[in-house]
Amino acid sequence: MLFAAAFAGGALILHLLPGIPAWPWMGLTALAIIVMWNRVLRIPAGFLLGLSLAGAQAQGWLERAIPTEMTGAEVVVVGAVASLPDHSPRRTRMVLRVIEIIDAPPGFRAERLRVTVFPAQPRLEAGDVLRVKLRLRPPRGLHNPSGFDYAAWLYRERIHGLASLRGEPEWLEVEGRPAVPVARLHRLRAGIRDAMRTAHPEAGHPGVMEALVIGERGGMQSEEWRLFLHSGTNHLMAISGLHVGLVAGFALLLARVAWRHQRWLRGRLPLRWFATLAAIAAAGAYAALAGFSIPTQRALVMLVLFSVAVLARRDPLSWRVYAAALVAVVAFWPASVLAPGFWFSFGAVAVILLLVQSRLGSPGVAGWLRIQVILAIALLPLSLAWFQLGSWIAPVANLVAVPVVSFLVLPFLLLGAALALIWGPLGAPLLWWADAWLALLLRVLAALVDWPGAVSEMAVGWPAAALAGVAVLLLLLPRGRRLAPWMLLACLPLLLPQAPRLSDGDFRAEMLDVGQGLAAVVQTRSHTLVYDAGPAWEGGFDSGAAVVLPALRRLGVRSVDRILVSHEHMDHRGGVAAIRAGLPVEQVLSRRGGPEAEEAACEAGLSWEWDGVHFQTLHPPPHWDHGNAASCVLAVRGPHGRLLLTGDLEGLGESVLVRSFGDRLRTDVLLVPHHGASGVLGRGLLEAAAPSVAWVSSGFDNRFGHPAPDVRARLDGQCIPLFDTRERGMVWLETASEGIRLGPGSRVERPRFWHPPVARVPPLPASCAPFAIDSPLPLRADRPVVE
């Protein structure tokens, strides 16, 4: 176990580095393998082996990843569709395995690309071989301290870049071209999916059925996923140890029956060998249908090792089997340590082993129920840290959901899918049965989730989660129970608030990375305001749910006092609905508001004070429309700093604002209007505001070219550094008695090698004085922003 822990630890440490050193990784791997046979050096050798294998894999990925300089380049390649295509009404998305490069710029070495096709191409299927022209983008996404790291996911999935289709794909004959085995596997998975849909077209929960049979969760409805997630039963939607074990168990029973009724089998193989091989084969086939995800890898490896231990007449429930599975999964793909499924999967098995060995998980129904309850509680710190969500009803929900899925749904689904491949009507009754039980289960989960206090949505720091996780594991040990009060004390940091400590008169502001849109959060000591909520598109990305809500939970926000929507364009308003669904919101100010509307009108003349910080809306005057020029402008002023938020203000709106307030617009930090579109700041706003720092929110590779060269030139001319979210991720400021502390950007503060490197300070012309990002902005004696 110590060797396995050191091995996984080495792989994890490598993935915390900001860059990959140019070391001879394969040589270090060979050295570690030689040294680990020395008992004294085995643990350090395990760490070095994990580090070097991860380094070699990461270096190989970086060599193939599309560099930032290749953004927008076009290539012509022949490739095979190596995933189940995700078809929506607007677009198709797939993974393309490059087989042949026909035309590409020098340095293009990508092997796997995630390709988006507009409009949707329902004809595309897994295994298709295509000749396509693609526009390239590097493997990157949004970057915020909380929320989903898309670039890390691309790295983990061995995807070297993003691309969009240019023109129409050309289908090619497969003969004479190299085969792509994984594409054939995905074509089989697609065939099973299509057979299930044809056999039972009226299914109420087809996405859940497909998730359980082929591990494809793309068809699940958001409400279905919410119920499983909030009830703590979402592990049932990832084909893992429970599912693989059940399939292996059913295969074992069938093999025993076949062996007893086939004389020729009894004469060739002992029952123990035949049943074990049948179980492994069935589990391997099921794992393949799931696409060999990390939980299925772990489950399959552990099943094989468990079976070997049984055949060798050794104890299968030992830590050696667990350690071997851990080493095997990390060695196969070291980036597995970045996946939440890795930690949940191995964490759950560790808890079960501890329970079994301490006899808390005794055989029988009572022991099984005890394991389910303790398992749900033990994994709670991990769930809070990774998903910002803890389900207090998980023990009860799992007592219901696990047996229903295990015995009333999964066996009938698998048999029904197999029969549907042969002839649809054969599998229809079994699929109907499974769908009916799923419908009933989801109703029960909905009732449980609706209980008051059933779910806690809060952020927990990784140190607190790790401390609580270790305490829970130690508590499961027989001798550890004597230290129960101390172990429970170690869990107290989970309850500590994550909100920044602010004094009266001070505030913190964060401009989140939402791509081509805008979302900012302003906090005082006891109040929270959200200025714009980022983009949201029907059936697609919603920054309110994906970015803003996780940020609010990270900041310890339990309710939002006010949302201010600068104007009605969806790249600013889009996420409002998701925020209101996720947290209580006291008031919304917007351009659509009015006396008879649900939202209040946002226009010049509103002012309020929270905790010694003054807020004032400066624009637009009454009776303006809802366009960019009528964006609602907000001034935030405290004794130690000022911030001016301008939405998409431009043109006439900028002129009116400057004419109305002039030098009273002086501020420390200015949000550049309209994502830095050409022409903004050209009507006197920059001179009137005279900021020390400028912020801009823009999307990488956006089609508008924001921020425009003329805007950058105006800022450079006045030696004002520009902090751009597309380059730096989330940026922040915090006022204090000594001045304004500025964050250089989350990409700078949390660098990882799969993210492009970013300079700590934005570049300025040589004639400008260096900007000191590590020192607070000094307090200015000139006029505050609009008194």
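Before the first entry I noted a cut-off: a residue is called exposed when its relative accessible area is over 50%, and buried when that area is under 20%. I also kept in mind that this is a predicted model.

**Entry: a loop residue.** I went to Arg-501 and found it in the loop between helix H19 (484-490) and strand E9 (508-511). Is Arg-501 buried or exposed? Its relative accessibility is 83%, so I wrote it down as exposed. I then checked Arg-501 against Thr-524: 23 residues separate them in sequence, and their C-alpha atoms are 9.3 Å apart.

**Entry: a helix pair.** Next I looked up helix H13 (residues 340-357) and helix H15 (residues 380-387), whose axes come within 11 Å and cross at roughly 175°. Angles over 145 degrees count as roughly antiparallel, so that is how H13 runs relative to H15. From H13, the contact takes in Pro-340, Trp-343 and Phe-344, and from H15, Leu-382, Ser-383, Trp-386 and Phe-387. Sorted by class, I have six nonpolar residues, one polar and no charged ones.

**Entry: a sheet.** I traced an open sheet of seven strands with mixed pairing, in the order E15-E16-E17-E18-E19-E20-E21. Strand E15 (607-610) and strand E21 (722-724) are its edges, each pairing on one side only. On average, neighbouring strands are turned by 20° against each other, direction ignored. I followed strand E20 (residues 693-696) to E21 and found parallel pairing over three bridges; Val-696 has Asp-724 in E21 as its bridge partner. Helix H23 (residues 652-661) packs on this sheet, where it touches strand E16 (613-619) and strand E17 (633-638). The direction of H23 makes about 125° with that of E16.

How values were computed. Residues are numbered from 1 along each chain as its sequence is written. This is a predicted model: local features need pLDDT of at least 70, side-chain atom pairs count only at pLDDT 80 or more; totals for chains, interfaces and linings use all residues. Side-chain values use heavy atoms; hydrogens and water are left out. Two strands pair if DSSP finds at least two bridges between them. Helices (H or I, at least four residues) and strands (E, at least two) are DSSP runs, numbered from the N terminus. Axes are lines fitted to C-alpha atoms, for helices over the stretch in contact, and angles run from 0 to 180 degrees between N-to-C directions. Contact means heavy atoms within 4.5 Å. Buried means under 20% relative accessible area, exposed over 50%, partly exposed in between (1.4 Å probe, protein chains only). Angles under 35 degrees count as roughly parallel, over 145 as roughly antiparallel, 65 to 115 as roughly perpendicular and the rest as oblique. Ala, Val, Leu, Ile, Met, Phe, Trp, Tyr, Cys and Pro count as nonpolar, Asp, Glu, Lys and Arg as charged, and the others, Gly among them, as polar.
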